[in-house]
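User: I am new to this structure and would like to learn how to read it. Please take one feature at a time.

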Amino acid sequence: MRKTDKKLERDIVRELTAVCEAAKRTCSGFEWLTHTVDYTRFPESLRVTLVFNETVNEKTMLAEFKALIPKVQFALEPVVGGELPAAQIEARREHSIN
């Protein structure tokens, strides 16, 4: 990983951590988030995944997801150098194994 890639990673993690901590306090069913990126194809390869618990109903999850998209975009705008397309942000459910 190049020095510039490491700086980008730190910036992404910092911004997403702030969004995550705020969302855990305010969004029903939100658990955590993660991201993947291939720095040779940045920012087109950046993907953010928002994870919701399995007990939240679909309607609530989708409403919270829709509310979080602009927050993720706003937080990453200075890092990405523009608005991250909503298609690069997804929601998933966390499933526990019994």
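Analyst: Accessible areas come from the Shrake-Rupley method with a 1.4 Å probe; for residues, only the protein chains shown count as cover. The accessible surface of the chain is about 6,200 Å², and carbon and sulfur atoms hold 54% of that. This is a predicted model: local features need pLDDT of at least 70, side-chain atom pairs count only at pLDDT 80 or more, and totals for chains, interfaces and linings use all residues. Residues are numbered from 1 along each chain as its sequence is written, and side-chain values use heavy atoms, with hydrogens and water left out.

User: Which elements does the chain have, and in what order do they run?

Analyst: Helices (H or I, at least four residues) and strands (E, at least two) are DSSP runs, numbered from the N terminus. The chain has 2 helices and 3 strands, in the order α-β-β-α-β from the N terminus.

User: Which residues touch the most other members of the largest nonpolar core?

Analyst: In soluble globular proteins, nonpolar side chains tend to be buried together. A nonpolar core is a set of buried (under 20% relative accessible area, 1.4 Å probe, protein chains only) Ala, Val, Leu, Ile, Met, Phe, Trp, Tyr and Cys residues joined through side-chain atoms within 4.5 Å. The largest one here has 27 residues, and Phe30, Leu50 and Leu76 touch the most other members. Of the elements, α2 gives the most to this core, with 9 residues.

User: How much of the chain is buried?

Analyst: Buried residues are 40% of the 98 in the chain.

Note on methods:
Buried means under 20% relative accessible area, exposed over 50%, partly exposed in between (1.4 Å probe, protein chains only).
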